[in-house]
Amino acid sequence: MSESVLKTEKLTKIFTMGKRKISALSGVNLQVNKGEFIAIMGPSGSGKTTLLNVLGCLDTPTDGMMTLNGIDVTKLSEKKLYSIRRNEIGFIFQTFNLFPYLNARENVELPMECTKKSKSERGKRSRELLEMVGLSGREEHRPHRLSAGEQQRVAIARALANNPAIVLADEPTGNLDTENKHEIVRLLGRLNINQGTTIIMVTHDSQIASHTERILFLSDGKITKEKQGLHLVKKKLMCPYCGSRIQLSDARCPSCKKRL
Amino acid sequence: MKVNHVGALTRAVRNVSRRKMRALLVVIALGFSMAIMISIPAGIIANQEATQSMTENFSNTMSNMQEEINKTATLIECQTSSGRGMSSSTPSDMPFGMPPSGFGQEEVFVNETVVEEIRSIEGVKDVVPFLEKSSNETTSETINGPGGRTFTINRPLYTITGLPLNSSFIDSYSVLPTNITTGRNLREGDSGVVLMSLNLTEYFGVVIGDKVKINGESFTLVGVYDSPNQGRMETRTAYMNLSDAQTVTGQTGNVSRLDVYAENVTSVDGIADIIEAAYSELYVTTYKDRLTNLENMQEMYTQTLTNAESTLDQTQTVATQEIGIAVVATSLIVFFVMLYTVRERTKEIGTFKAIGFSNWNVMSQFMLEGVLMSVMAGIIGIAIGYIAAPIFSSLLLPHINLFGGSSRTRFQPTFGSANPESLTSGAAATLNPQLILLAFGAALLLGAIGSLYPAWRAAKIKPAEAMRYE
């Protein structure tokens, strides 16, 4: 049995808009194990983003229980929550949310600023991360000089800066073209396999979702369905379509030529 | 939890410089506000200093005059009406400009036989006769009157003063000018030579040894003395031997003034009475008259000072209000600009929080930006103030009229060497290091105060809501 990183029970979130109460989450039960790569799918307004915000401690649930590495985060003070967000959670956004006045390296270093890491350690770590996402040599470029795909890679490197227990990605491919979409999801897959990073990704693109190992369907604030993705097979370095051997870096299967 | 402040500062600098035009406009607006904030105290300081220096000048003048009166206690001045206002004992210390002789008055002379008659009065030690007469040459001059009005007047170019160059007089009494700048003073036996005031030699364009024409007669310039400014109308004088003066003025055997020295102070009043009774054409003044004069002057000065001080008080009230407005304006500019910045960057704030920045980290980031902008403005303000402090303070502060009612006298009194025009507010306003330091402190403080609420708002933004904000 794998170790549980994140666990929720009857997670509820109700927004009050004037006199109207809108139930965004109505009892989400979820368990995420260490090293899992999960996709959350669902139509607009199904509560995907709300769930991700609550999981990322950006928002507090109205009711229910949530533990992160065994700690009940619903009862934590604001001050403890910063520390959780800084050290345990990495966020990836649809719109990248890079700081335009900072270069790639500085953007990646930013989450480390509030930690005990020295300046040189931060520099070393950010260079390693940028290399890992394939942006060696682009460290000093500001976001406006990077393509959309490159910007999202910087954002991924930033999310990994403090070695978080879990990475939460909100529609990370939503603003990208087909080629870059696959690049990014493959990158997330590689990180999951190589680094053992636990990833939860919200998407409404079923093709992208299929690259994960578990797909959860959210509807009216509840998980209604769960499906297996292709990622588990890929983890064994096998093509999920024809079963032949593949490399992690392969964009297409060498034998059946299908996009991995 | 420790923030890397260098990183935060770098971010603040880059953020402010990201929108260059906006930053420039804001900084200039703030800069002007700060320039006003420091120019006004500069103006106030300048006014205080001017008033103080006026007070010092006057008390110096007063004590000099007092000393002079004490020294010349035995002197009885006897002047024909033409000589009034030109007494030899006071001109150099006379703080109030008086019309020079010959201006609007008929010149009157007495025969020098009176010298011997007065000398024979009991108790008289010495009598020194003078002949003072206006030159034939005249000049047209424009003088500044009260309330900015100007007057054009015709007056004699200079005064010819003749006195017996007798070494016993020259050595015992101060009958000749003392502050010789070039050449030498007159001495016994001099004839055909002249001692001139500096302004007169400048007018003629002559130097020591040059020949100069006085009423058509040629004289050699042997010495130049500097006469202190006696107000708006400078006194120009040519000193010479009495008989030379009598010749060139056509007043052979005549004198216009007698300095009578008593044996002792107690006999002064008696002698003065005798002279006054015997010679109606002579106007007699003793140390008592001179003391009364001094007292009047003192009173007039006190009145002036009271006026100046009350205006200064009024100026300070206005200044306090104006500084208050500038302070509020500066804080408000920072406030609104930062509030706008926070609204504009809501999503960025959300990102900051999502990657683990605390409320305090976010708040200090925005406060730092506000303070940075305000400090930049402070530097600009100091630069503007450095150049424009006099303009700002003269525009914004009421002008001090040190002389109260302007129609009081036709000739505006002048204290010492201070020119009344230079005593308008802020004319001499300059920034001193303390003011510059103060401006810097104010910039820091107002930047912090102005950005406090916007930064607090930024810190309080809920990250989940901020992420939805586009």
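Tutor: Before we start, helices here are DSSP runs of H or I with at least four residues, strands are runs of E with at least two, and both are numbered from the N terminus. This is a predicted model, where local features need pLDDT of at least 70, side-chain atom pairs count only at pLDDT 80 or more, and totals for chains, interfaces and linings use all residues. Residues are numbered from 1 along each chain as its sequence is written, while chains are lettered from A and ligands numbered from 1 in the order in which they are written.

Student: OK, where is A:Glu171 found in chain A?

Tutor: Strand 7 of chain A covers 166–170 and helix 6 covers 178–194.

Student: Is A:Glu171 buried or exposed?

Tutor: Count the other C-beta atoms, placed from the backbone, within 10 Å of its own: 20 or more is buried, 12 or fewer is exposed, and in between is partly exposed. A:Glu171 has 20 such neighbours, so the label is buried.

Student: And what is the phi of A:Glu171?

Tutor: Most residues other than glycine have a negative phi. A:Glu171 isn't a glycine, yet its phi is positive, at about 50°.

Student: How many residues of chain B are in contact with chain A?

Tutor: Two residues are in contact if their C-beta atoms, placed from the backbone, lie within 7 Å. Chain A brings 16 residues to the interface, and the number from chain B is 20.

Student: Which helix of chain A gives the most to the side that touches chain B?

Tutor: That side of chain A has eight nonpolar residues, three polar and five charged (nonpolar: Ala, Val, Leu, Ile, Met, Phe, Trp, Tyr, Cys and Pro; charged: Asp, Glu, Lys and Arg; polar: the others, Gly among them). The top contributor gives three residues and spans 78–87: helix 2.

Student: At what angle do helix 8 and helix 11 of chain B pack?

Tutor: Helix 8 of chain B meets helix 11 through residues including B:Val334, B:Phe335 and B:Met338, with B:Ile449 and B:Tyr453 among them on the helix 11 side. By class, this contact has 12 nonpolar, five polar and one charged residues. Helix 11 spans residues 433–460, the axes lie 8 Å apart, and the angle is about 25°.

Student: How far apart in space are B:Ser393 and B:Pro41?

Tutor: B:Ser393 is in helix 10 of chain B, and 30 C-beta neighbours inside 10 Å make it buried. It is 352 residues from B:Pro41 in sequence, but the C-alpha to C-alpha distance is 8.3 Å.

Conventions. Axes are lines fitted to C-alpha atoms, for helices over the stretch in contact, and angles run from 0 to 180 degrees between N-to-C directions.
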